[in-house]
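Thank you for making time for this. I would like to take you through one model, starting with its secondary structure and ending at the ligand.

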Amino acid sequence: MDKKILIAYYSLEGNTRRTAKAIQNITGGDIFEIELEKPYGMASAFTLGVVHSRRGNGPPLKKRAENLDDYDTVFVGGPVWAYTLTSPIVSFFKAHDLSNKTVIPFCTHDGAAGKYFEKVVENCPNADLSKSREFFKVKLKNDDELTQEVNDWISAVL
Ligand SMILES: Cc1cc2nc3c(=O)[nH]c(=O)nc-3n(C[C@H](O)[C@H](O)[C@H](O)COP(=O)(O)O)c2cc1C
């Protein structure tokens, strides 16, 4: 794999972080944590976070990913909130030009991804949904199970 890979993720409870780190271990890519200037906590995720996500808002990021020119493949992942795309992922798409890259979206959820990927494409029209992947109930999986699942997916898409 000689392409340079970036794995950008947002995670509140750690499931998407574990998944992103498994992708990093397998691909050797660089990792970027998407963080908001005003981060959500567990309580505000269910109020502000859900409202922002349903409205398709992208609140300001704490920082942008640097040297995007170095990468030709960008994995972008987050949790599903309220059956849709999480607002920090909207923020990431708004703040970065990914138009000349292979964008591979993924998400983690507990049963219902809803409109997550439909909204990914609205925000990032060249996201490759044929390569996308949803990870279900990551918190119930041990590291070996998660690594195996990520590995099967990566070998099919890269
Ligand atoms: C505010 C909020 C809303 C959520 N909404 C959904 C949902 O609509 N569908 C679903 O399957 N899981 C939902 N979940 C569960 C998360 O998507 C799931 O646990 C995910 O793996 C969390 O990722 P994280 O640990 O990276 O934050 C929600 C969790 C939170 C905190």
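Let me begin with a definition: the expected span of a helix is 1.5 Å times one less than its number of residues, and helices themselves (H or I, at least four residues) are DSSP runs, as are strands (E, at least two), both numbered from the N terminus. What you see is a predicted model, in which local features need pLDDT of at least 70 and side-chain atom pairs count only at pLDDT 80 or more, while totals for chains, interfaces and linings use all residues. Residues are numbered from 1 along each chain as its sequence is written.

With that rule in hand, the 13 residues of H1 should span 18 Å at 1.5 Å a residue, and the end C-alpha atoms of H1 are 19 Å apart, which agrees. I will call a residue buried if 20 or more other C-beta atoms lie within 10 Å of its own, exposed if 12 or fewer do, and partly exposed in between, with C-beta atoms placed from the backbone. By that count the buried residues of H1 are Asn-15, Thr-16, Arg-18, Thr-19, Ala-20, Ala-22, Ile-23 and Thr-27. Taking contact to be two C-beta atoms, placed from the backbone, within 7 Å, these buried residues pack against S1, S2 (30–33), S3, S4, S5 (133–136) and H5. Just after H1, Gly-28 takes a positive phi of about 75°.

Now to the strands, where pairing requires that DSSP finds at least two bridges between them. S3 pairs in the parallel sense with S1 over five bridges and, also in the parallel sense, with S4 over seven bridges. Ile-7 has Phe-75 as its bridge partner in S3, and Gly-77 stands opposite Phe-106 in S4. S4 and S5 run parallel as well, joined by four bridges, with His-109 opposite Phe-136 in S5.

How much of S3 is buried? Seven of its seven residues are, so S3 is largely enclosed by the rest of the structure; on one side these are Thr-73, Phe-75, Gly-77 and Pro-79, and on the other Val-74, Val-76 and Gly-78. S5 has one covered face, made of Arg-133 and Phe-135, and an uncovered face, made of Glu-134 and Phe-136.

H3 is also largely enclosed by the rest of the structure, because seven of its nine residues are buried, namely Ser-87, Pro-88, Ile-89, Val-90, Ser-91, Phe-92 and Phe-93. Their cover includes S1, H2, S3 and H4.

Leaving aside residues up to four places away in sequence, Ile-89 touches Tyr-10, Ile-34, Val-76 and Gly-78.

A few single residues deserve a remark. Tyr-83, in the loop between S3 and H3, has a positive phi of about 60° although it is not a glycine, and Tyr-83 is partly exposed, with 15 other C-beta atoms within 10 Å. Lys-137, in the loop between S5 and H5, has a positive phi near 45° and is exposed, with 11 other C-beta atoms within 10 Å. Trp-153, by contrast, lies in H5 and is buried, with 20 other C-beta atoms within 10 Å; Trp-153 and Arg-133 are 20 residues apart in sequence and 7.6 Å apart in space, C-alpha to C-alpha.

Counting a residue as near when its C-beta atom, placed from the backbone, lies within 6 Å of the molecule, 23 residues surround the ligand, and the closest are Ser-11, Glu-13, Asn-15, Thr-16 and Pro-79. The elements that give two or more residues to this shell are H1 (15–27), H2 (42–55) and S4 (102–109), with H2 giving the most, four residues. If Ala, Val, Leu, Ile, Met, Phe, Trp, Tyr, Cys and Pro count as nonpolar, Asp, Glu, Lys and Arg as charged, and the others, Gly among them, as polar, the shell has 11 nonpolar, nine polar and three charged residues.
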